[in-house]
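Here is a short tour to read alongside your viewer. Keep the sequence open too, and follow each stop as it comes up.

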Amino acid sequence: MEAPPSVPLRSLDELTLRDGYSLEDLVDRTVLGEMIRSFYDLFRLPLRIYSASGQLLADATEQHPFYAYLNEFKATREAVQGTVDGIKQINPAETGELTFPCVSGAVYRIVSITYDTRAMGRMVIGPFVPAGVLEVSPELRERAAGLDPVKLQALFSQMPRVREETVSQIARHLCKSLDLILFSGHRALLSSNMHLASVRESYKELESKNAKLQEAYDRLKELDRLKSNFLATVSHELRTPLTSIIGYSEMLSEGIAGDLTEEQREFVRTIYEKGEQLLQLIKGLLDLSKLESGTMSLKKAYSPVGPLVRDIAQTVAPTARKKNVGIHVHVEAGIPEMWADTARLRQVFLNVVDNAIKFTPEGGTVTLSARITTLDASPEDVGGLVLMARRQAIEFRIADSGIGIPDPEKGRVFDAFYQVDSSSTREQGGTGLGLSIVRRLVESHNGRVSIEDNQPNGAVFVVVIPCRRATMA
Amino acid sequence: MQLDFVTREVTIKLVYYGPALSGKTTNLQMLHKAAAADSAGRLMTLETRDDRTLFFDLLPLTFRQDKGLAVRLKIFTVPGQVIHASTRRLVVQGADGVAFIADSQLAETEHNAESFLDLKQNLKDSGIALKNLPIIIQFNKRDLLDIRSDAEIAELAAQGQEPVYLATATRLDGVVESFIGLLHLVLKSLDNEHKLEEKFNFNRSAFLLQVAHKLGKNVPLAELLKARVGSNSGKVGA
């Protein structure tokens with residue numbers, strides 16, 4: 001997240017307490033110009049608006065032929081210029097408004113523009129001739145020696161004539177209108193500044209929250225790493241004495257240390273079996289923690305499918321025979337190799353097949369089959385769905401004729417320590433770790449594992465492993 | 001506060017704080033209505049939706065003593081709704097005094113408390129110590145049913161530090177009294193800090209009386225200040 005671009009932001013104090021704004025800030029020059037122009041069209045009175053700093057913001061003036069004539073001659077031009085300069089100097093802030101005479105006998109009305117008790121600028125109305133003044137001033141006539149007095153007087157008569165009270169009224173009206181514009185402008189200025197300021201405040205808040213989240217995330221990650229380390233260490237430390245327990249109890253049961261009574265042998269056998277069980281649990285925990293922390297290294301290679309399946313069948317055959325469960329194997333002809341760590345996949349299938357036998361009643365069957373299929377990206381995968389689709393894969397199906405798995409449980413059996421029916425643990429044994437390891441191992445092969453119903457009863461574990469490596473890694 | 005020695009002007013910022021819908025804007029509207037035309041500027045309302053304030057309201061009032069100090073008051077409200085936290089923080093910055101407008105309804109007790117804690121936090125974030133800031137508390141909406149009783153408020157007010165006022169802002173009851181009460185505290189605090197009386201020959205009592213007068217209250221100042229809950233102890237303005 002990048003910081004918002006730096007925009008000149010004026011503080012609320014500046015815009016409300018310190019009058020940190022000018023006429024130009026509050027009013028749009030074009031709008032002001034249009035307003036002045038419409039005023040001129042209505043009253044035919046020239047009008048200029050100056051900011052407090054003396055800058056001309058808007059004007060609506062046309063040079064009257066009278067002044068054009070005066071400007072033709074140096075002496076009168078200079079006199080008129082003197083008036084204009086005088087107007088620029090004068091500031092009616094104290095009194096609010098004043099009348100400024102021009103050398104010609106015409107006058108200017110200068111009115112202070114105030115907003116919230118502050119002088120914001122001036123408006124200059126004129127030149128106009130006050131009603132009742134009929135002739136050019138003697139002073140001008142004196143200076144205008146080179147001018148035609150008849151023409152001068154004729155042009156002077158054409159100048160706009162207004163009563164001064166009327167001009168005052170007009171000016172007041174104009175000030176009121178302007179005040180409304182300034183008020184709206186001030187409000188808009190405050191609004192936009194508040195918007196900006198609020199956004200900045202929110203941004204600052206979000207930033208600090210983000211920092212806190214990042215901190216918490218880093219801490220959790222570190223904790224997770226420590227947990228995995230701890231698990232690995234503990235597992236290792238537990239295994240060492242356990243190896244002795246298993247080894248010595250095995251030796252005892254074999255009579256190496258002398259003959260045992262039947263009862264003693266049974267006790268020692270129990271110690272040995274429970275020790276083995278504990279060892280499997282520890283191994284499972286260790287695998288799970290390795291898989292979770294991503295530290296399990298897989299030795300993948302292109303491996304043939306047939307030998308793996310047959311090896312599994314042979315390994316579980318004694319258990320199956322003991323329970324009178326039939327094992328059937330079917331491997332599709334011409335099946336290609338797959339990209340896998342055979343030792344880990346062996347662990348996967350042993351787990352699943354072991355489970356299948358465990359939950360199949362006497363006289364039932366467990367079928368192992370392998371065939372070619374295609375693997376599509378699952379909709380949950382982000383991106384590249386088109387590219388990840390239709391990849392060649394091997395589908396392994398491990399079907400049993402056992403009690404089956406109800407639909408709602410099908411996803412959950414892969415969670416660590418989850419058992420469909422906890423009473424079955426006592427009956428069937430098992431730690432609840434096996435299937436969670438299965439799923440993680442399959443996923444680390446970029447494969448997928450799911451459960452389907454077998455007909456007429458039982459469950460089918462479907463494991464799909466891609467044939468080709470998915471990445472260059 | 002802004003003090004201009006050249007123009008002999010002091011600009012003071014007052015903030016009306018409180019939970020949503022407690023009547024902050026109504027207080028300002030009524031003050032605006034009560035104020036004489038030569039004192040009150042336009043009441044500016046920034047960004048409202050459904051009659052709820054989004055940013056703030058701003059009422060400028062200006063009072064000028066003959067040949068003395070001109071006092072320009074800028075009175076703000078904050079948006080009460082919880083979501084406008086950042087705006088409240090911006091508005092409260094640089095406040096010279098706060099009128100906390102509480103809703104008298106019993107059901108609003110929690111909201112009042114939450115809003116006050118919010119004020120405390122925002123003042124702290126703005127570097128203003130609560131104990132140094134002039135604050136008055138107004139219990140508004142006295143005309144409603146199921147409100148905290150006068151007796152209970154008086155009892156609580158006696159234990160608290162801030163002057164407490166009762167008001168029904170929609171009827172102007174207590175609005176000017178609360179305002180004068182706040183202004184009284186603020187001017188006292190500013191006077192202590194900036195020696196307005198010494199430097200500008202500023203007469204606080206006369207000024208307050210003038211303000212009250214401009215707001216349509218033609219009663220002695222002592223009487224106005226007595227409007228404060230539990231003021232019978234004679235500790236007016238203490």
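A nonpolar core here means a set of buried Ala, Val, Leu, Ile, Met, Phe, Trp, Tyr and Cys residues joined through C-beta atoms within 7 Å. Please bear in mind that this is a predicted model.

**The cores**

With that in hand, which residues have the most contacts inside the largest nonpolar core? They are Leu14(B), Val15(B) and Phe100(B), in a core of 71 residues. Helix α5 (residues 175-194) of chain B gives the most to this core, supplying 10 residues. Apart from it lies another core, of 41 residues, which includes Met338(A), Leu345(A), Phe396(A) and Leu441(A). In soluble globular proteins, nonpolar side chains tend to be buried together.

Setting aside neighbours within four places in sequence, its contacts are Phe76(B), Val78(B), Val91(B), Val92(B), Ala95(B) and Val98(B).

**Chain B as a whole**

Chain B has eight helices and 10 strands. Of its 238 residues, 47% are buried. Among contacts in chain B between residues at least 6 apart in sequence, 70% join residues at least 24 apart.

**Strand β13 of chain A and its partners**

Now turn to strand β13 (residues 459-466) of chain A, where six of the eight residues are buried. Two strands pair with β13(A), as the table shows.

| Partner of β13(A) | Sense | Bridges | Residues standing opposite |
|---|---|---|---|
| β11(A), residues 391-400 | antiparallel | seven bridges | Ala399(A) and Val460(A) |
| β12(A), residues 448-453 | antiparallel | six bridges | Val449(A) and Val463(A) |

β12(A) and β13(A) form a hairpin with five residues between the strands, and Gly458(A) takes a positive phi near 105° there.

**Where the chains meet**

How many residues of chain A are in contact with chain B? There are 16, and they touch 21 residues of chain B. On the chain A side, α1 (12-16) and α8 (164-253) each supply at least two residues. Helix α8(A) gives the most, with nine residues. By type, this side of chain A divides into six nonpolar, five polar and five charged residues.

**A last stop in helix α9**

Leu285(A) sits in helix α9 (residues 262-293) of chain A. Is Leu285(A) buried or partly exposed? Leu285(A) has 19 other C-beta atoms within 10 Å, and a residue needs 20 or more to be buried, so Leu285(A) is partly exposed. The C-alpha atom of Leu285(A) is separated by 7.6 Å from that of Ser235(A), although the two residues are 50 apart along the chain.

Definitions and conventions
Residues are numbered from 1 along each chain as its sequence is written. Chains are lettered from A and ligands numbered from 1 in the order in which they are written. This is a predicted model: local features need pLDDT of at least 70, side-chain atom pairs count only at pLDDT 80 or more; totals for chains, interfaces and linings use all residues. Two residues are in contact if their C-beta atoms, placed from the backbone, lie within 7 Å. Helices (H or I, at least four residues) and strands (E, at least two) are DSSP runs, numbered from the N terminus. Ala, Val, Leu, Ile, Met, Phe, Trp, Tyr, Cys and Pro count as nonpolar, Asp, Glu, Lys and Arg as charged, and the others, Gly among them, as polar. A residue is buried if 20 or more other C-beta atoms lie within 10 Å of its own, exposed if 12 or fewer, and partly exposed in between; C-beta atoms are placed from the backbone. Two strands pair if DSSP finds at least two bridges between them.
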